[in-house]
Amino acid sequence: MLAEKRILLIIGGGIAAFKALDLIRRLRERGAAVTPVLTRAGAQFVTPLSVSALAGQKVFSDLFDLTDEAEMGHIELSRSADLVVVAPATADLMAKMATGLANDLASTLLLATDTQVLLAPAMNVRMWQHPATQRNLATLAGDGIRTVGPNEGDMACGEHGPGRMAEPLEIVTAIEAALGAGPLAGRRVIVTSGPTHEPIDPVRYIANRSSGAQGTAIARALAALGAQVVFVTGPASVPPPEGVEAVQVETAQQMLDAVNAALPADAAVFAAAVADWRVTGASDSKIKKSPGGGAPALDFAENPDILATVSALKAGRPALVVGFAAETDDVIANANAKRARKGCDWILANDVSPGTGIMGGAENAVTLITAEGAEDWPRMTKDEVARRLADRIAGALA
Ligand code: C5P
């Protein structure tokens, strides 16, 4: 909820400005007060009257409006909010922000503010992909400016690709996250992700295949709902998400130690592909290949099962423990059995048979198994799976 939160909403000039009207409505429904600022270009797309009617407040648009300056100077206006939101954030506004230009009310407010800023960029695909915009985006990220979107899809200009403004509800979620007001605010969640590497010697290891993409997406989605996320990751091929406490580990034992150190938590999601065995007596120096000497004999020991260990905790067990089951046959039966064996609350089961394209791919088709039964989710992107799971976790902890 956003009760008593004050949002300064800057509406830039783009066709997506019409979605800013819905955004105002959604924010007010949640109890936020919205002070709107409409740029000159923004006023070409939506009228000041509709903006002020929805916001229930006057619209600010001119830097040199003396009445406004007498009532509330632009410096005060820029600082009187809990969050400044720019939606749509045009290429022009982003460029002004990145260079520190202040030549109209919106850019002056953005330069004068000491409040957090969230941008919802919207522009033509080519403009978004232009090195200048990407350079500005990187500069703004470095300045601590948050962004939501843009999304990929059909654009009003007839092209297809990234550039569509995030939907109003996605922007609301980003606003809640920025203000620490999401449904998981105050909740602590541990997420494991990636493979583990079990050394044979300093240059060789055994591991499971895992990109870490699904675990990373889950950590990001939980953080977006306001959770404090401890992200314990093995050597994954995707970088950890922003806004989480990332703990980098290599072996299963280190992963268990990091999870134990991160407890207590309200929920834990074990998405890591942990190696089941480690090599006992791993060599401290590189095992030499001697001509005709044959292959070295390796001895294995079983690794601790992190999911089962945490699920079995008598004291300090998270209220919700979620495991994964990557299977190639009898997916549901195996996942059900795994849920019972590991003692976790939910299992997200997926078929990783060759040919599904799931391993290392962008999409996933999962079944959520709970005490109530199995629920098939349609095939969707790993980001969507993550958002849906995060919503379910928020519901379960509510
Ligand atoms: O037994 P299996 O590896 O198929 O179980 C998968 C689930 O158990 C995943 O959630 C995985 O993160 C977790 N797991 C674990 N520690 C292990 C092995 C698996 O946490 N040593």
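User: How many nonpolar, polar and charged residues are in the lining of the largest pocket?
Analyst: The model is predicted, so local features need pLDDT of at least 70 and side-chain atom pairs 80 or more, while totals for chains, interfaces and linings use all residues. Residues are numbered from 1 along each chain as its sequence is written, and side-chain values use heavy atoms, without hydrogens and water. A pocket is an open set of points on a 1 Å grid over the protein atoms alone where a 1.4 Å probe fits, with protein on both sides within 12 Å along at least five of seven lines; lining residues have an atom within 4 Å of a point. With Ala, Val, Leu, Ile, Met, Phe, Trp, Tyr, Cys and Pro as nonpolar, Asp, Glu, Lys and Arg as charged, and the others, Gly among them, as polar, the counts are 21 nonpolar, eight polar and eleven charged.

User: Which residues lie nearest the centre of the largest pocket?
Analyst: The lining comprises 40 residues. Nearest the centre lie Thr 147, Val 148, Ala 174, Arg 220 and Ala 224.

User: Which element gives the largest share of this lining of the largest pocket?
Analyst: Elements are DSSP runs numbered from the N terminus: helices (H or I, at least four residues) and strands (E, at least two). Those giving two or more residues include helix 8 (131-142), helix 10 (213-224) and helix 14 (382-397). The largest share, seven residues, comes from helix 9.

User: Between which domains does the largest pocket lie?
Analyst: Domain bounds come from an automatic or database domain assignment. Because both domains give residues to the lining, the largest pocket lies between domain 1 (6-178) and domain 2 (188-397).
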